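Keep the structure open as you read.

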Amino acid sequence: MVRDRRYIAAIRAAQLGLSAAVVEEAPTLGGVCLNWGCIPTKAILSAAEIFAAVKHGVPGLVVEGQSANYSQVIDASRAAADRLVRGVNGLMKKNKIEVLLGRARLAAGREVVVTRDGASESVEARNVILATGSTELVFPGVQVDGRKSSPAARRSSHASSPPRS
Ligand SMILES: Cc1cc2nc3c(=O)[nH]c(=O)nc-3n(C[C@H](O)[C@H](O)[C@H](O)COP(=O)(O)OP(=O)(O)OC[C@H]3O[C@@H](n4cnc5c(N)ncnc54)[C@H](O)[C@@H]3O)c2cc1C
């Protein structure tokens with residue numbers, strides 16, 4: 001599954017014979033789904049479900065001495081995410097899609113400016129697809145404690161481990 005809309009659009013454009021490029025401001029490709037959302041959370045959930053089944057047992061099946069190492073569970077979820085991100089990198093290469101790392105900004109005419117570490121480069125594009133995803137809206141007066149979900153947690157979506165609650 002490749003959830004990130006940009007890669008699907010870029011691959012299709014390349015398949016149709018266009019010269020395609022993707023701009024990504026995060027250190028890794030794959031968007032929220034691969035890096036932080038669907039994939040790592042489902043890996044953790046799956047481990048939790050297995051542990052719950054083992055812990056509570058089923059009639060006739062009792063497993064003694066269960067223990068959980070959550071750090072290894074998180075590591076496994078990161079490994080799953082990393083594997084899929086590598087897959088996206090492979091798809092970009094296979095379809096000859098240029099990956100520009102940096103923050104994109106629309107400039108005049110057909111110009112797209114990509115900025116990274118203070119340095120900018122411009123690319124010309126006949127067609128541009130904006131697929132920037134979304135971020136939280138924090139309502140005025142609402143305090144977010146930053147432990148379970150926060151703009152900071154969202155920004156750290158490409159960190160080596162997800163935020164811990
Ligand atoms: C914890 C969690 C669990 C989830 N689980 C599921 C699930 O099980 N099933 C499901 O269907 N969905 C799930 N989702 C939702 C899913 O992750 C999103 O629907 C999906 O990631 C949206 O994809 P997108 O391509 O629109 O945006 P994103 O994945 O957010 O991708 C947008 C990308 O654009 C980049 N970007 C933004 N602005 C710029 C810029 N100016 N220049 C360069 N790059 C930029 C960002 O860095 C990001 O990588 C989950 C989400 C979360 C947070």
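Helix axes are lines fitted to C-alpha atoms over the stretch in contact, and angles run from 0 to 180 degrees between N-to-C directions. Helices (H or I, at least four residues) and strands (E, at least two) are DSSP runs, numbered from the N terminus. This is a predicted model, where local features need pLDDT of at least 70, side-chain atom pairs count only at pLDDT 80 or more, and totals for chains, interfaces and linings use all residues. Residues are numbered from 1 along each chain as its sequence is written.

Begin with the overall layout. The protein has five helices and five strands. Along the sequence they follow the pattern α-β-α-α-α-β-β-β-β-α. Two residues are in contact if their C-beta atoms, placed from the backbone, lie within 7 Å. Take the contacts between residues at least 6 apart in sequence: 59% of them join residues at least 24 apart.

Now look at one helix pair. At what angle do α3 and α4 pack? The angle is about 140°, and the axes are 8 Å apart. Their crossing is right-handed; that term applies if the near helix is turned clockwise from the far one by less than a right angle, and left-handed if anticlockwise. From α3 come Ile39, Pro40, Ala43, Ile44 and Ala47. They meet Val73, Ala76, Ser77, Arg78, Ala80, Ala81 and Leu84 in α4. The residues of this contact divide into ten nonpolar, one polar and one charged. Here Ala, Val, Leu, Ile, Met, Phe, Trp, Tyr, Cys and Pro count as nonpolar, Asp, Glu, Lys and Arg as charged, and the others, Gly among them, as polar.

A residue is buried if 20 or more other C-beta atoms, placed from the backbone, lie within 10 Å of its own, exposed if 12 or fewer, and partly exposed in between. A nonpolar core is a set of buried Ala, Val, Leu, Ile, Met, Phe, Trp, Tyr and Cys residues joined through C-beta atoms within 7 Å. The largest such core has 13 residues, of which Val22, Leu34, Leu84 and Val88 touch the most other members. The elements giving two or more residues to this core are α1 (5–15), β1 and α4 (70–94). The largest share, four residues, comes from α4. Of the protein's 165 residues, 13% count as buried.

Compare some single positions. Tyr7 is in helix α1, and it counts as buried because it has 24 C-beta neighbours inside 10 Å. Leu45 lies in helix α3. Leu45 has 11 such neighbours inside 10 Å, so it counts as exposed. In the loop between α4 and β2 (98–101) sits Lys96. Lys96 has a positive phi of about 55° although it is not a glycine.

A residue is near a molecule if its C-beta atom, placed from the backbone, lies within 6 Å of it. By that rule 19 residues surround the ligand, and the closest are Gly31, Gly37, Cys38, Thr132 and Gly133. Elements giving two or more residues to the shell are β1 (21–24), α2 (31–35), α3 (38–56) and β3 (103–106). The shell divides into seven nonpolar, five polar and seven charged residues.
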